[in-house]
Amino acid sequence: MATVKQESFGKLSDGQEVFLYTLRNTKGTEVKITNYGARLVSWRVFGKDAKKIDILLGYADAAAYEKDDTSMGGLVGRHANRIAGGKAVINGQEYQLDLNDGSRMQNHIHGGSKGFHNELWQAEEIYEGIKLTYHSKDGDGGYPGNMDVTVIYSLSNDNELSIKYEAVSDKDTICNLTNHSYFNLDGFASPSILDQKIQIFADQYTWADSESLPDGRILPVEGTPMDLRQPVRIGEHIDDDFDELVMGKGYDHNWVLRDEPVHVEMKPGMFGYDPHCPIDYQKRGLKKAAYAESDQSGLTLTCYTTLPGVQFYTGNFLDGSLPGKDGVTFPRRSGFCLETQYFPNSLANPAFPQPVIKAGEKWEAQTIFVLFPKD
């Protein structure tokens with residue numbers, strides 16, 4: 001497993017100190033994580049000409065993250081993405097969640113105004129990497145139940161970044177956790193992702209309205225700009241005159257992943273590798289969700305997950321208003337997100353997979369990103 005280094009990442013406005021943790025593998029790849037919001041801050045890897053590239057948009061210190069309103073790199077929850085009207089019905093009882101999204105702030109997103117990405121987590125070094133924990137009190141964000149949440153970030157010697165989630169609550173409640181990192185395979189200082197390519201392993205997507213809320217329809221991608229089954233330049237169709245792209249101001253939609261666990265040949269350095277007891281992606285229920293590549297940097301990014309959907313978001317609302325690392329600003333469409341998840345607004349659409357967990361039952365999910373040079 002990767003080595004771990006801890007250092008100060010500055011202080012929040014209330015004086016609490018925040019820490020930065022660096023995972024480093026034998027290839028020299030480095031991943032940086034902060035315990036403020038359990039956020040991914042940096043992912044540096046060797047690209048062309050043996051030069052290191054940092055592919056994650058991010059900020060220089062904790063104070064900047066505290067000002068951020070884009071969920072940059074954060075672990076979002078209790079419910080990733082949107083819930084119409086903030087209405088959640090569990091066991092026949094209606095709960096009103098925080099309203100923090102929409103044209104009139106009439107909807108709920110990412111756990112509310114104090115979602116998990118805006119909280120200070122406890123961190124400890126473990127064999128696998130960094131373990132972060134957070135206790136969410138009954139009623140936080142309007143959600144029922146005291147919930148204990150754990151995320152483990154691990155970096156293998158094969159440049160796999162694993163994000164493993166666990167949660168348990170003392171009441172039936174909602175749990176739909178994801179990571180909201182913005183990727184740019186040409187480096188965080190690159191002003192655009194439009195020439196990079198994306199592939200999503202899905203034949204269907206959930207139609208969404210002008211508030212980015214699905215209405216229950218699951219539509220085929222075939223014959224539409226939502227067809228990303230083969231690698232497509234991100235900018236190829238992003239501004240097409242297509243209702244979903246017009247309303248979303250680009251890609252900001254949920255794709256329904258094929259229910260096809262993928263076999264990946266295990267080898268030394270990869271997660272789960274054990275010469276005496278082989279474990280592979282397929283046995284852990286991981287599906288291939290997405291693939292991205294850049295001709296400029298020569299890097300590829302592959303995403304695997306146990307979750308049923310992925311939100312591909314092209315940074316349509318980034319505006320460069322807050323300086324990031326090295327003073328770089330992040331303009332519109334300078335990063336893309338691959339948010340593995342249950343579908344948005346699933347509580348209003350019972351045919352969707354439901355993100356409700358029972359009291360005392362452990363909820364588990366895993367997403368793995370693999371960063372590697374093109375063949």
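**Note on the predicted model**

1. **Make-up.** The chain has 2 helices and 27 strands. Please keep in mind that this is a predicted model.

2. **Overall dimensions.** The chain's radius of gyration is 19 Å. A compact globule of 375 residues would come near 21 Å, so the two agree. Along the principal axes, the C-alpha trace spans about 55 × 50 × 50 Å.

3. **Burial and contacts.** Of the 375 residues, 58% are buried. Take the contacts between residues at least 6 apart in sequence: 65% of them join residues at least 24 apart.

4. **Surface and charge.** The accessible surface is about 15100 Å². Carbon and sulfur atoms account for 47% of that surface. There are 37 positive and 53 negative side chains. The centres of these two sets lie 3 Å apart.

5. **The largest core.** In soluble globular proteins, nonpolar side chains tend to be buried together. Here the largest nonpolar core holds 65 residues. Which members touch the most others? They are Trp43, Ile200, Trp255, Phe312, Leu338 and Trp363. Strand S13, residues 147-155, gives the most to this core, with 5 residues. A second, separate core has 20 residues, including Val41, Leu120, Tyr182 and Val328.

6. **Phe312.** This core residue deserves a look of its own. Setting aside residues up to four places away in sequence, Phe312 touches Ile198, Ile200, Leu228, Ile234, Tyr251, Asp252, His253, Trp255, Phe336, Cys337 and Leu338. Ile200, Trp255 and Leu338 from that list are also among the core members with the most contacts to other members.

7. **Leu177.** Leu177 sits in the loop between strand S15 (173-174) and S16. Beyond its neighbours up to four places away, Leu177 touches Leu75, Val76, Gly77, Arg78, Phe116, Val149, Tyr165, Leu307, Thr340 and Trp363. Asp252 is 75 residues away along the chain from Leu177, and their C-alpha atoms are separated by 17 Å.

8. **The cis peptide.** Two of the contacts of Leu177 are Gly77 and Arg78. A cis peptide bond joins Gly77 and Arg78, with omega about 15 degrees. Arg78 lies in the loop between strand S6 (74-76) and strand S7 (82-83). Check this bond when you inspect the model.

9. **Gly86.** Gly86 is in the loop between S7 and strand S8 (87-90). With 0% relative accessibility, Gly86 counts as buried. Not counting residues up to four places away, Gly86 touches Tyr95, Gln96, Leu97, Leu99, Gln106, Asn107 and His108. The C-alpha atoms of Gly86 and Met105 are 10 Å apart, and 19 residues separate the two along the chain.

10. Leu194 lies in the loop between strand S16 (178-180) and strand S17 (197-200). A relative accessible area of 23% makes Leu194 partly exposed; the cut-off for buried is under 20%. Past its neighbours up to four places away, Leu194 touches Arg233, Ile234, Gly235, Ile238 and Arg333. Arg333 itself lies in the loop between strand S24 (309-313) and strand S25 (337-341). At 6% relative accessibility, Arg333 counts as buried. The C-alpha atoms of Leu194 and Gly335 are separated by 9.2 Å, although the two are 141 residues apart along the chain.

11. **Positive phi.** Which residues other than glycine have a positive phi? Arg333 has phi near 65 degrees. Ser212 has phi of about 65 degrees. Ser212 is in the loop between strand S18 (202-208) and strand S19 (214-220). Its relative accessible area is 14%, so Ser212 is buried.

12. Thr300 belongs to strand S23, residues 299-305. Thr300 is buried, with a relative accessible area of 8%. Leaving aside neighbours within four places, Thr300 is in contact with Tyr291, Ala292, Glu293, Val370, Leu371, Phe372, Pro373 and Lys374. Thr300 and Asp375 are 75 residues apart in sequence, and 9.3 Å apart in space from C-alpha to C-alpha.

Methods
Residues are numbered from 1 along each chain as its sequence is written. This is a predicted model: local features need pLDDT of at least 70, side-chain atom pairs count only at pLDDT 80 or more; totals for chains, interfaces and linings use all residues. Side-chain values use heavy atoms; hydrogens and water are left out. Helices (H or I, at least four residues) and strands (E, at least two) are DSSP runs, numbered from the N terminus. The radius of gyration is taken over C-alpha atoms; the globule rule is 2.2 Å times the number of residues to the power 0.38. Buried means under 20% relative accessible area, exposed over 50%, partly exposed in between (1.4 Å probe, protein chains only). Contact means heavy atoms within 4.5 Å. Accessible areas come from the Shrake-Rupley method with a 1.4 Å probe; for residues, only the protein chains shown count as cover. Lys and Arg count as positive and Asp and Glu as negative; His and the chain ends are not counted. The place of a charge is taken as NZ of Lys, CZ of Arg, CG of Asp or CD of Glu. A nonpolar core is a set of buried Ala, Val, Leu, Ile, Met, Phe, Trp, Tyr and Cys residues joined through side-chain atoms within 4.5 Å.
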